[in-house]
Amino acid sequence: MYTFVYKSYIEVYDTSTAMGRMFITIVATIAEWESANLGERVRLDQIEKARQSEWSTPAPYGCRKNNQKRLEVNPDEIEVVKLIAHKIKECYSFQQLLMYM
């Protein structure tokens, strides 16, 4: 059985000892917690923006964001969106739609 041993000459990490392995485990656990915590905060912020009818990401094709960060129709792109929707209703596959466009 092979055991990975990490020793650093400029830092205090040494996984050949029980204390070093515990330290690495604690640091990894804190990093995992911070990553999950950040994800939760981002998700809650997105939910709040949606509750306030704000659009937090770039506007989808056919729309644009106004000064209040709300979506509105982009008249320069909406005809293309309508054409795509019409072709999908005609049972065009994505490949057929790509070739048509």
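How many salt bridges does the structure hold? The structure holds six, where a salt bridge is a side-chain nitrogen of Lys or Arg within 4 Å of a carboxyl oxygen of Asp or Glu. We will visit some of them below.

## About the model

This is a predicted model, in which local features need pLDDT of at least 70, side-chain atom pairs count only at pLDDT 80 or more, and totals for chains, interfaces and linings use all residues. Residues are numbered from 1 along each chain as its sequence is written, and side-chain values use heavy atoms, leaving out hydrogens and water.

## The overall layout

The protein chain has three helices and two strands, and from the N terminus they come in the order α-β-β-α-α. These elements are DSSP runs numbered from the N terminus: helices are H or I with at least four residues, strands are E with at least two.

Of the 101 residues, 9% count as buried. Here, buried means under 20% relative accessible area, exposed means over 50%, and partly exposed lies in between (1.4 Å probe, protein chains only). Among contacts with a separation of 6 or more, residues 24 or more positions apart account for 0%; a contact means heavy atoms within 4.5 Å.

Helix α1 covers residues 18–51. Its 34 residues should span 50 Å at 1.5 Å a residue, and the end C-alpha atoms are 49 Å apart, which agrees. The expected span is 1.5 Å times one less than the number of residues. Just after α1, serine 53 takes a positive phi of about 60 degrees.

Arginine 51 and glutamate 48 both sit in this helix, three residues apart, about one turn. An α-helix has 3.6 residues a turn, so residues three or four places apart point the same way. The two side chains meet in a salt bridge at 2.6 Å, N to O. Arginine 51 is exposed at 61% relative accessible area, while glutamate 48 is partly exposed at 30%.

Another salt bridge joins arginine 41 to glutamate 34, with the closest N and O atoms 3.6 Å apart. Arginine 41 is partly exposed at 42%, and glutamate 34 is partly exposed at 33%. Glutamate 54 pairs with lysine 49 in a salt bridge at 3.5 Å between the closest N and O atoms.

## A buried lysine

Now look at lysine 87, found in helix α2 (residues 78–89). Is lysine 87 buried or exposed? Lysine 87 counts as buried because its relative accessibility is 10%. Leaving aside residues up to four places away in sequence, lysine 87 touches Tyr92, Leu97 and Tyr100.
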